[in-house]
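Welcome! Here is a short tour for anyone meeting this protein for the first time. Take a look at the sequence and the model, then read on.

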Amino acid sequence: MLLTITYTGQSATDLGYLLHKNPKRVHSFELNFGSAYVFYPEATFERCTAALLLDINPVDLAKDFRNSSSEEPLFEYVNDRPYVASSFLSVAIANVFGTAMSGRSKERPELVDQQLSLQATITMLPASGGEDVIRRLFEPLGYKVATQGYLLDQKFIEWGSSRYFTVTIESNCRLVDLLNHIYVLMPVLDVKKHYWIGHDEIEKLLNRGSGWLSTHPEREMITNRYLKRKRSLVNQALSRLLAAEETVKEDTVQDEVGESAAEGKMERDLNLNERRLGTVAAVLRNLSAKRVIDLGCGEGRLLSILLKDREFIRIAGMDVSYRVLEKAKERLRLEELPPFQRERIKLFQGSLIYRDHRIQGYDAVTVIEVIEHLDLNRLVAFEKVLFEYTHPPAVVITTPNREYNVKYLNLNKEFRHNDHRFEWTREEFKTWATAIAGRYGYQVDFLNIGDEDPEYGAPTQMGVFTR
Ligand code: SAH
């Protein structure tokens, strides 16, 4: 497996200072699955190429695989790993170019933040989804992309092409960005990952993806594939990604607290609502929900986000208040929608605490900042209607985290909103949600939304129920 990085420019051999590897020498490294070498096939004043060659030891690999349970029984003995650019190469990059990846250079600090004319070639990259996916991943980051495909077998042309590609990307960019992009996107293209995917993988993804992943149009695919579709990890990663995003816009609607408190004082809450709804939408996409109903939809803010995404083929909103449904109609401009759009969405009046056949037939039900408006003794009815009678494949519920209220300095009443009947601590919400999940055969994952305080947690808490 080979990765080459070429820098074209004045004093091109400075690449050696940026990578912390002298172009005059061959550098070798022992990794626990083989050896890595860095050398420079060319090093002139105008053009300098560094090559990272990874030589995987199949015997070490087989030992490693035996300890992990592979889905393919013979995979440990018969596999492409020693010959392709995969997550092993990412590990090697992090080991060998760690300092460069963190954006440090002792001798040439001024070069670190400069846009350099760089080109990288990754040889034999297994790309699930082929050239299309390669382009969708690299092009939005500003790279010019060239790919070369290979036949599965030159003697049997009818077998068609393989999933392997040699990929060249080119851009004027910082070296640290190029390395981080390759580090994350290589295992995203390859479907296999050689190590156990746990929570520290979220940290790696968010750390290496910092500054570009949250705004990448394929951020959900990247997160999904990087974390090997482990839903609870993906949800957590996405909610943190979205929380990190700067989304303060002029027309942002303030959170309930923001509305009732002195104007503009609670700046940090300005976009909590938007973050919350963005996270809900991301979770829904991640659940592959096509038909979604929002209970207690209010003025239809979530619905308007869903309506813009064609993945959602059927959308409904229900609320007990006729007045807010009228507002929702206006916000969504239902009257002006073309007929095919108009058919995707419906609004109706109803209450969460009564059985209602109109709530049935959806892949996911969302209940966003609503349960705290119900009297505690009504909560049992709500629970039965939703989890027992309707019993949808997925339910997303959000509610304020009461502990966080101490951070709202001008909150001079018990709850964030006059109509709230209760607000729960994280423990209270968890206890309630876990009990429900147990009673009705669901699994529940918890997510935090908004800026997290180390002691009090995040302003909003979310439970994602799936069965
Ligand atoms: N989900 C929306 C609105 C939250 S405000 C958003 O996130 O923007 C709470 C909403 O719940 C209000 O619109 C209120 O009318 C609605 N609601 C309160 N009790 C309800 C009930 N029993 N059944 C249905 N909706 C209810």
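This is a predicted model: local features need pLDDT of at least 70, side-chain atom pairs count only at pLDDT 80 or more; totals for chains, interfaces and linings use all residues.

Residues are numbered from 1 along each chain as its sequence is written, and side-chain values use heavy atoms, with hydrogens and water left out.

**The overall picture**

- The secondary structure comes to 17 helices and 14 strands; helices (H or I, at least four residues) and strands (E, at least two) are DSSP runs, numbered from the N terminus.
- Of the 467 residues in the protein, 53% are buried; buried means under 20% relative accessible area, exposed over 50%, and partly exposed in between (1.4 Å probe, protein chains only).
- Among contacts with a separation of 6 or more, 70% are between residues 24 or more positions apart.
- The protein exposes about 22300 Å², and carbon and sulfur atoms supply 48% of that area; accessible areas come from the Shrake-Rupley method with a 1.4 Å probe, and for residues only the protein chains shown count as cover.

**Confidence**

- The average pLDDT is 87, and 90% of the residues score at least 70; pLDDT is the predictor's confidence in each residue, from 0 to 100.
- Residues 245-268 are a stretch to read with this in mind: pLDDT stays under 50 there, and the model has 45 contacts beyond four places in sequence for them.

**The nonpolar core and a surface patch**

- In soluble globular proteins, nonpolar side chains tend to be buried together.
- Here the largest nonpolar core has 72 residues, and Leu-52, Leu-54 and Leu-178 have the most contacts inside it. Helix 7 (residues 175-189) gives the most to this core, with 10 residues. A nonpolar core is a set of buried Ala, Val, Leu, Ile, Met, Phe, Trp, Tyr and Cys residues joined through side-chain atoms within 4.5 Å.
- On the surface, Leu-74, Tyr-77 and Val-78 form a nonpolar patch with about 360 Å² of accessible area together. Patches are made of residues with over 30% relative accessible area and no salt bridge, joining like charges within 9 Å and nonpolar side chains (Val, Leu, Ile, Met, Phe, Trp, Tyr) within 5 Å.
- Val-78 is found in the loop between helix 2 (58-67) and helix 3 (87-96), and counts as exposed because its relative accessibility is 61%.

**Salt bridges**

- The count comes to 26 salt bridges, each a side-chain nitrogen of Lys or Arg within 4 Å of a carboxyl oxygen of Asp or Glu.
- Asp-14 pairs with Arg-108, the closest N and O atoms being 3.2 Å apart. The two are 94 residues apart: Asp-14 is in the loop between strand 1 (2-8) and helix 1 (15-19), and Arg-108 in the loop between helix 4 (98-101) and helix 5 (109-112). Asp-14 is buried at 9% relative accessibility, whereas Arg-108 is partly exposed at 22%.
- Arg-276 and Glu-369 meet in a salt bridge (3.3 Å, N to O). Arg-276 lies in helix 12 (residues 272-286) and Glu-369 in the loop between strand 11 (364-368) and helix 16 (379-390), so the pair ties together parts 93 residues apart in sequence. Both Arg-276 and Glu-369 are buried.
- Salt bridges that share partners join Arg-219, Glu-220, Arg-285 and Asp-309 into one network. Within this group, Arg-219 and Glu-220 have their closest N and O atoms 4.0 Å apart.

- Leu-205 sits in helix 8 (residues 199-208) and is buried, with a relative accessible area of 0%. Beyond four places in sequence, its contacts are Val-184, Leu-213, Thr-223, Tyr-226 and Leu-227.
- Asp-190 lies in the loop between helix 7 and helix 8 and is buried, at 0% relative accessible area.
- Ala-316 belongs to strand 9 (residues 314-319) and is buried, with a relative accessible area of 0%. Ala-316 and Phe-348 are 32 residues apart in sequence, with their C-alpha atoms 7.9 Å apart in space.

Note on methods:
Contact means heavy atoms within 4.5 Å.
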